[in-house]
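Hi everyone, thanks for coming. Have a look at the model on the screen, and then we will walk through it together.

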Amino acid sequence: MGNRVLHLLSQRPSFTGSGVSLDATVRLADAAGWEQQVVIGTPHDDPNPPTGGLDESLVRPLRFGDGELGFPLPGMSDVMPYPSSRFAGLDERQLADYRGAWRRHVSEAVTDFKPDVIHTRHIWLLSALVKDVAPDVPVVNHCHATGLRQMALCPHLADEVRYGCARNDRFCVLHQGHADHLTAKLKVAPGRVHTVGTGYRKEIFHARGVRNRNRMSIAYAGKYSNAKGLPWLLDAVERLGAREPGLVLHVAGDGAGREAEDLRARMAAMAPRVVMHGQLGQKALAELMRSCSVFVLPSFYEGLPLVLIEALACGCRLVCTDLPGLRHSFGSNLDRVLDRVSLPRLIGPDVPVPEDLPAFVTALEDRIEAVLRMPPLGDPAKTMPDVLRPFTWDAVFARIERIWLEVIDAR
């Protein structure tokens with residue numbers, strides 16, 4: 001019998017970076033012989049979403065939107081690619097119901113499954129209560145940066161998160177910048193924090209056999225959200241399209257709420273210059289990336305933007321805001337294929353100063369135009385394997401598994 005790991009994710013799997021990370025980790029842990037169960041949050045009308053290829057009986061969903069949890073599933077970002085609540089908008093009764101439901105749900109999973117280690121995702125409310133119900137089980141807490149952002153957006157919950165999560169045994173972070181931030185926020189010893197990075201599925205994201213890449217097609221993948229910079233990307237595309245009639249922006253993603261609806265209406269009005277593909281699975285997203293020559297990420301806040309590596313693996317040149325995590329995560333490795341756009345000044349974690357936006361749009365427009373004129377990359381797996389190699393899921397999982405085994409041995 002192999003070791004047992006219980007995974008916890010307080011939102012839907014596969015729809016966000018943490019969900020993709022969960023899916024990949026579960027698949028590789030299964031191949032390595034780990035016994036696994038997964039606890040997830042999900043809307044009541046999507047009760048059994050696929051998770052890491054596990055049998056449905058091994059996935060324990062906590063359903064939101066009916067019964068005790070009558071509000072939509074809260075997401076770690078304020079705009080999610082599906083209907084959701086904002087933690088900042090939950091009242092005290094809803095927060096109490098949220099905590100109580102997770103305590104009961106996790107306690108039941110721990111009692112039934114008897115894990116050797118628990119791997120919980122996000123520095124947030126679910127991870128903060130794990131030690132309440134499983135004080136004797138080692139807990140590895142994966143930080144995806146959005147929890148640190150939520151602490152700024154919800155200061156009334158920050159102390160609860162700091163105290164609760166600091167009790168967990170080890171922490172996985174995406175890059176050294178997160179490690180520094182986390183140790184300062186939680187006041188935990190640096191030796192408990194491990195940089196594991198993130199990975200892409202090389203069997204899905206690749207540039208093999210590409211024949212019909214459109215030089216004037218650019219791609220964006222992410223939420224319909226102001227914090228992702230999408231409105232200003234649309235501004236830049238509108239202006240650039242006046243000079244480049246063949247330019248097309250392909251948008252993969254979705255969103256809910258007024259902000260997302262406004263963006264959806266604007267993109268519909270910009271057709272055929274803008275093509276909305278909706279929320280795509282990884283295989284369909286990779287196909288879209290292989291058809292485009294440039295990928296643009298104009299976001300104001302990201303943890304480690306894995307989507308850049310996925311797009312690069314598919315042969316796209318990259319345009320991205322100069323996010324702090326880029327330097328920490330990728331160093332200078334991406335400099336030969338990544339054009340950076342200076343961030344505007346920000347109010348809080350992700351709201352741009354209005355006066356800076358005209359210059360930001362101009363810079364975005366200029367960088368996209370310059371990159372469109374560059375020669376195609378070919379197959380980066382052949383031309384720059386040193387850039388891609390550290391970001392395979394095999395490499396990331398090896399680092400995670402080593403932490404699991406260490407905390408189990410230390411019991």
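Predicted model: local features only at pLDDT ≥ 70, side-chain atom pairs only at ≥ 80, totals over all residues.

In which handedness of crossing does α3 pass α5, left-handed or right-handed? Residues are numbered from 1 along each chain as its sequence is written, and side-chain values use heavy atoms, with hydrogens and water left out.

Let's begin with the sheet. Seven strands make an open sheet, in the order β3-β2-β1-β4-β5-β6-β7, with parallel pairing. Here strands pair if DSSP finds at least two bridges between them; strands are DSSP runs of E, at least two residues, and helices are runs of H or I, at least four, all numbered from the N terminus. At the edges sit β3 (59-64) and β7 (193-195), each pairing on one side only.

Now look at β1 (residues 4-9) and β4 (residues 117-121), which pair in the parallel sense over four bridges. Histidine 7 has histidine 119 in β4 as its bridge partner. Helix α3 (residues 125-133) packs on this sheet, touching β1, β4 and β5 (139-142). Contact means heavy atoms within 4.5 Å.

Back to my question: the crossing of α3 and α5 is left-handed. That term is used if the near helix is turned anticlockwise from the far one by less than a right angle; clockwise is right-handed. The axes of α3 and helix α5 (residues 155-166) come within 8 Å and cross at roughly 45°. Axes are lines fitted to C-alpha atoms, for helices over the stretch in contact, and angles run from 0 to 180 degrees between N-to-C directions. That makes α3 oblique to α5; under 35 degrees would be roughly parallel, over 145 roughly antiparallel, 65 to 115 roughly perpendicular, and the rest oblique. Among the residues making the contact are Leu125 of α3 and Leu157 of α5.

Next, the loop between β4 and α3, where histidine 122 is placed. Histidine 122 has a positive phi of about 85°, although it is not a glycine. Most residues other than glycine have a negative phi, and most peptide bonds are trans.

Proline 272 lies in the loop between α8 (258-269) and β10 (274-278).
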